[in-house]
Amino acid sequence: MFNKNDELELTISDLGTTGEGIGRVDGYVLFVKDTVIGDRVRVKVMKAKKNYAYARLVEILEASENRVEAPCPVARSCGGCQIQFMNYEEQLRFKTDKVYNNIKRIGGIEDFEMEPVIGMESPFHYRNKAQFPVGKDRDGNIVSGFYAGRTHSIIDMDHCMLGICPGGRDVNGEIMKLIKVFMKEMGIQPYDEKTGKGLVRHVLIRIGKTTGQLMVCLVINGKKLPHAEILVDALKDILGMTDISLSVNTKRNNVIMGNEIISLFGPGYIEDYIGDVKFRISPLSFFQVNPEQTEKLYNKAVEYAGLTGKETVWDLYCGIGSISLFLAKKAKKVLGVEIVPEAIEDAKVNAQINDIGNAEFLVGAAEDVVPEYFEKNPEAPECQPDVIVVDPPRKGCDEKLLETMTLMKPERIVYVSCDSASLARDLKWLDGHGYKLEKVTPCDQFGQTVHVETVVLLSKGNISTKKVKVDFSLEKLDTSGLSSKATYQEIKEYVLDKFNLKVSSLNIAQIKDKCGIKERKNYNIAKSESGANKRCTQEKEKAILDAFRYFALI
């Protein structure tokens, strides 16, 4: 075991999931940021535990063949680019291994096809969005830039090597310098996280890579920006400036954007393209930061969906409809679900401006909307989709949503993920409920960072659910009035009459699935009902099984 401030030499033999180098000395593990596999280094221990320690790189004694000189002057101090010291070919290998190993270790899945990673032609100057925190340095000067790794200390840096520079212009730098001059001259204070005082918290900048349109949104700790008209007049002179607004965030938390947007100039949005699909993007919209790679990612998702023009498709966590509209061009109908109301409004507009009429959008959390939709009418065509596409946030899918997805029994599930660990966890659940992982493709959306998008294809296999053994004799069964086409409503009425229990369509569907009963297109059920989206209790299961026997379903 080592102690804080100890210095030692070691060779980096592996990389952690967040890009830090891993070295070992007599079995003791040290994590060293800014190192590459093969580096021989001298390090200083910063934090020591019983079996491992975090150390700071002091000197590179012998550089790895995969090490490169980082072009960014603050690459080591900034927390944005974790692997800028690694050549791009090695970055792609690292990301491929990360996805593959997570699926095997966390997901416990061995048999699947790992397709080649989709790399970038140029892994710099690709981001169409920047969020600059604003604060003060020790001398009281206004600074903006990026947080140092694992801290909220701002590295004063307005230009980022990852930001789009249209026509070679450092647009982010132009905007941030102008805003800081305005704040200084008008006496406007940046926000202080420790005291909760000050006004300007962050500056959001979006750039339409294809259109050249610019958006600026100042996140403020209040409802008004003094002398806002002066700032607007200055920003309007920047070529491409299309929209300027304020985002109100008075909460003391780490969430950047507030929910209230105050327009100062422009229509409230900018426009850009992914492929030939046009999108309207507002300050609160989720829009992929790398449009060129996003087109490749979406094309792979559409390929995995296997669309012929006859399919009904759900797109869960659809944002402003970006994947939905790609799917709608080749599907019969697409239903998108997103929790952010403003994004859904953008999605509807995006469908209109692209003349796409076969996409419908629903607002709400996918884990609530989809089970409720299925609950109301489980035999509707929309509740028996051919394909479900899901692109959840980093935490992955709620189990209630995964269960409803499997009850809908789509032929294919296409899962797009920004976190391969939560993806692997969900793949394990889906694998245990009848969906086989077929193909996996990593897509590098975020060059110089440890992050990677992944798109996978799952196909419905032989569902190995537990069958319910029922002992009864057809000879002794009174078959008068039986119907092999019992409706959900008839089953509910039977259970209510005999057991005084209210069961839902979702309860019945769960037990049908458990018994291996195939859904029939000609079942009829009520158009609406108010059953709760809960897992069926043992008491209700027994009652439903009794109804199945009565109606000769089992």
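View 1. Phe-31, Tyr-52 and Tyr-54 together make up one aromatic cluster, in which rings of Phe, Tyr and Trp (its six-membered ring) pair if their centres lie within 6.5 Å. The model is predicted, so local features need pLDDT of at least 70 and side-chain atom pairs count only at pLDDT 80 or more, while totals for chains, interfaces and linings use all residues. Residues are numbered from 1 along each chain as its sequence is written, and side-chain values use heavy atoms, with hydrogens and water left out. Arg-201 lies over the face of Tyr-191, at 4.1 Å from the ring centre, and Arg-280 lies over the face of Tyr-269, at 3.9 Å from the ring centre; a charge sits over a ring if NZ of Lys or CZ of Arg is within 6 Å of the ring centre and within 35 degrees of the ring normal.

**View 2. Two aromatic pairs.** The whole structure contains nine aromatic pairs, and planes under 30 degrees apart count as stacked, over 60 as edge-to-face and the rest as tilted. The pair of Phe-132 and Phe-146 is tilted, because the ring centres are 5.2 Å apart and the planes stand at 50°. Since Phe-132 belongs to strand E7 (residues 129–136) and Phe-146 to strand E8 (residues 142–147), this pair ties together parts that are 14 residues apart in sequence; strands (E, at least two residues) and helices (H or I, at least four) are DSSP runs, numbered from the N terminus. Tyr-298 and Phe-326 form an edge-to-face pair, 5.4 Å centre to centre with 75° between the planes. Tyr-298 lies in helix H4 (residues 291–305) and Phe-326 in helix H5 (residues 322–328), so the pair ties together parts that are 28 residues apart in sequence. Tyr-298 counts as buried at 1% relative accessibility, where buried means under 20% relative accessible area (1.4 Å probe, protein chains only).

**View 3. Cysteines without a disulfide.** A disulfide is a pair of cysteine sulfur atoms within 2.5 Å, and by this rule the count comes to zero. The sulfur of Cys-81 is 5.7 Å from the closest cysteine sulfur, in Cys-160, which is too far for a bond. Cys-318 is in no disulfide either, as the nearest cysteine sulfur, that of Cys-397, is 14 Å away. Cys-81 is buried, with a relative accessibility of 11%, and Cys-318 is buried at 4%.

How values were computed:
Buried means under 20% relative accessible area, exposed over 50%, partly exposed in between (1.4 Å probe, protein chains only).
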